Amino acid sequence: MLTAAVLMVGIYCAQAQSKGKAFFAMNSTAGLWTCCLLLLAVILQLALYMKYRLQSIIRSRRVRRRQPQLENVTAHIRQLNNRQLTALLQVKQQTKMKMLVLIALGCSLSAKAQDINPTPLMNQTGIIITIILILIPMLVGIALMIFKLRRVIGNYRRKVYQEDSTQLASYLDDINDAEILNELSQRKAALDYSLGHDELAGTQAAADKKGLLSDISNENDINFITRKKPSPARPPIDPALGKLVLWFLGTATFWLLFGTTVGEYVGIKFVSPDVDHVSWLSFGRLRPVHTNAVFWGWASLAMLGLGYYIVPRVSNTSIASLKGGWYTLILVNAAVVLGTICLMAGINNAGGEYREYVWPVMALFAIGLCITLGNFLQTIARRTSKEIYISNWYIVSAVIFAIVIVLVAYLPFWQDGLGETIIQGYYMHQGVGMWFMLFMLGVTYYFLPQQLNRPIYSYSLGILAFWSQIVFYTVIGTHHFVFSSIPWWLQTVAIVGSAGMLIPVTSGSTNFFMTFRNGWHKLADSYTLPFFLVGLVFYFTGSMQGTAEAFRYTNLIWHFTDFTVAHSHITMYGIITFLLWAAIYTVVPRLTGKEPPQITIGIHFWLALIGLLFYTIPLMYGATYRGIMWQSGKPFIDSVVFMAPYWLWRAIGGSLMWTSHIVFAYNMYKMLVANSAPDIKDAALKKLSEQYLKGSISSPI
């Protein structure tokens, strides 16, 4: 598959050089066969995966049949952990007592292509339609076959686990040897052992009688994947609230996939602008679909879901209105659905960036925020603790600012002339800094200390960052309109405010990184802390970059170039999205009890991080030279030709980021609905306990 991909890219590049124009289009032969090859590659990948799973199950089944029955069972016994040993010894102890009573009464107990050379005939529309009509039922049939095979394999696996657990339960039932039970008791005592900090005094024997080598597992894992610690158990929350939070996060994941799929397609148009000729798929319509879907669909819904989890917990009370949370969920999703349809149909606000939705659509979003604001305020008012934790400061303030900026941006009072331009700068920058950034800082103040198992470094630094961000960030919007007809003094105020952002950024970053002190080693054992760390690194660097862009000289070079595109992705993706992923991977396993696969979390992390670097660094490099070319008086078209290879890197990086989102959606599926393989030892102990309660355990007298 990799060889075919390399050959296909090479052929395309050669044809592009020979033709001198974008030749790849959906209505061309190359486009058609590319789609067919991609579908074939996906199907082949699924088939190979199902074959691997089936062979793995059959191989393990054969190994089990070749091994003696006692060896299969005792292998599970050697892997019993502390909790399972406690349950087993309790059952055996209760069984002993029950046997003594029955003896005294005199009772007994019962006992898993070929190459195609296009011809001019293949360019005919009828031939293409016929091929598509033939491929559709074939693809559907193959897909159904794969799903059916997956179900068969799943049922077979469950049957195998059921047999193993029954066999193990029967063996555990028959254990009455005092020597074996004594050995299990000693193993439990070893697992319960904790260091007394005098073990190196030289008096201990060279043996592992104290269980220092604990949690040894003989299960087959991928050796080059580092084993991470699972999410620690937390106090349970209301299941109804947990369901609401999961719905917020689930719908947010859908909008992440949808929005970035649109963004991936828009990025492809930079290197192949003639890929389609459909009005609904034009660049001018799809670009706002992409930005608004990830802004209001992905990030906003995910943040609101986390807010509904955090606000009642730090207030030590229940949420004021679950029904209000469901109303918010429905209204925000309705706003994104209707807004997407309107934008693709050409119905838009004709305003500035990020406010392309028409006002009735955005009104639904604002109403949802108003409901949430009242809900959060009522919850905090009912708190049982005296103080209001800083997370609630940030979260409630973010919701208030979001409502204000939506009203300011859509009320008609300031939408004329230069007033509209000033409002656009205010809306665009407050949306990023006072909605997304403020909210996510509140989320980080809750989850980061919890994941590090230590308090936040300085509450005072958090308060300083909070108030200084409100003072400075609210006046920096017009630094996007330096050298425009906006009053010079207003531009200067925005630049001064941008420089003032050094205070909240440095104080907040110091607070977070100092919380990490003496805890950097925990990065190796956690799959959430790396996401937090990347988000915080980009919080500092991306915010400093925003300050650097605000000055007049740098603004003259970078403004209206792809540098601003790279900067927006560093902030909205490198900061907001990475912190959202960190929080989601923290909270979802607590609500569902299901851990995501560690290997796919690693794949998600590295694809997203490497893709972001491939996306942003070439754009910033190329855009700097492009701005210098403009200052030197070079023709505009020369700068367009100059940017072509950097746009190719943008497409590569964006493709890696988009692929990571598919992996993230898979991880969400595994955490939400997937049935993980049951623990045979737990299943056997459960059966043993049930048999004891029913009085059906057969023990010799």
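Visitor: Where does Phe560 sit?

Guide: Phe560 lies in the loop between helix H17 (552-558) and H18, and its phi is near 70°, a positive value in a residue other than glycine.

Visitor: And what about phi at Asn518?

Guide: Asn518 is not a glycine either, yet its phi is positive, at about 60°. You will find Asn518 in the loop between helix H15 (502-515) and H16.

Visitor: How confident is the prediction over the chain?

Guide: The mean pLDDT of the chain is 82, and 77% of its residues reach 70 or more. Some care is needed over residues 99-119, where pLDDT stays under 50 and where the model has 25 contacts beyond four places in sequence.

Visitor: New topic, then. How many aromatic pairs are there?

Guide: The count comes to 46 aromatic pairs. One of them is formed by Phe248 and Tyr308, which are stacked, with 5.6 Å from centre to centre and 20° between the planes. Phe248 lies in helix H7 (residues 239-271) and Tyr308 in helix H8 (residues 283-315), so this pair ties together parts that are 60 residues apart in sequence.

Visitor: Are those two buried or exposed?

Guide: Phe248 is buried, and Tyr308 is buried as well.

Visitor: What is the arrangement of the rings of Phe531 and Tyr585?

Guide: Their centres are 5.4 Å apart and their planes stand at 50°, so that pair is tilted. Phe531 belongs to helix H16 (residues 529-550) and Tyr585 to helix H18 (residues 563-592), and the pair links these distant parts of the chain across 54 residues. Both Phe531 and Tyr585 are buried.

Visitor: Which aromatic cluster do they belong to?

Guide: Phe531 and Tyr585 are in one aromatic cluster whose members include Trp298, Tyr527, Tyr573 and Trp581. Phe578, Phe605, Trp606 and Phe664 are also among the residues of that cluster.

Visitor: Can we turn to helices packing together? How does one describe that?

Guide: Two packed helices are described by the angle between their axes and by the distance between the axes. In this model, the axes of helix H12 (residues 417-452) and helix H13 (residues 459-473) come within 11 Å and cross at roughly 175°. H12 and H13 are therefore roughly antiparallel to each other.

Visitor: Which residues meet there?

Guide: On the H12 side they include His429, Gln430, Met437 and Tyr445, and on the H13 side Gly462, Gln469, Ile470 and Tyr473. The residues of this contact divide into 8 nonpolar, 5 polar and no charged.

Visitor: Is Gln430 buried or exposed, and what else does it touch?

Guide: Gln430 counts as buried, at 0% relative accessibility. Not counting residues up to four places away in sequence, Gln430 touches Ile405, Trp435, Tyr473 and Thr474. Gln430 and Val404 are 26 residues apart in sequence, and 9.6 Å separate them in space from C-alpha to C-alpha.

Visitor: What about Tyr410?

Guide: Tyr410 is found in helix H11 (residues 390-410), and at 16% relative accessibility it counts as buried. Its contacts beyond four places in sequence include Asn349, Arg355, Trp359 and Gln415. Tyr410 and Asn349 are 61 residues apart in sequence but 9.2 Å apart in space, C-alpha to C-alpha.

Definitions and conventions
Residues are numbered from 1 along each chain as its sequence is written. This is a predicted model: local features need pLDDT of at least 70, side-chain atom pairs count only at pLDDT 80 or more; totals for chains, interfaces and linings use all residues. Side-chain values use heavy atoms; hydrogens and water are left out. Rings of Phe, Tyr and Trp (its six-membered ring) pair if their centres lie within 6.5 Å; planes under 30 degrees apart count as stacked, over 60 as edge-to-face and the rest as tilted. Helices (H or I, at least four residues) and strands (E, at least two) are DSSP runs, numbered from the N terminus. Buried means under 20% relative accessible area, exposed over 50%, partly exposed in between (1.4 Å probe, protein chains only). pLDDT is the predictor's confidence in each residue, from 0 to 100. Contact means heavy atoms within 4.5 Å. Axes are lines fitted to C-alpha atoms, for helices over the stretch in contact, and angles run from 0 to 180 degrees between N-to-C directions. Angles under 35 degrees count as roughly parallel, over 145 as roughly antiparallel, 65 to 115 as roughly perpendicular and the rest as oblique. Ala, Val, Leu, Ile, Met, Phe, Trp, Tyr, Cys and Pro count as nonpolar, Asp, Glu, Lys and Arg as charged, and the others, Gly among them, as polar.
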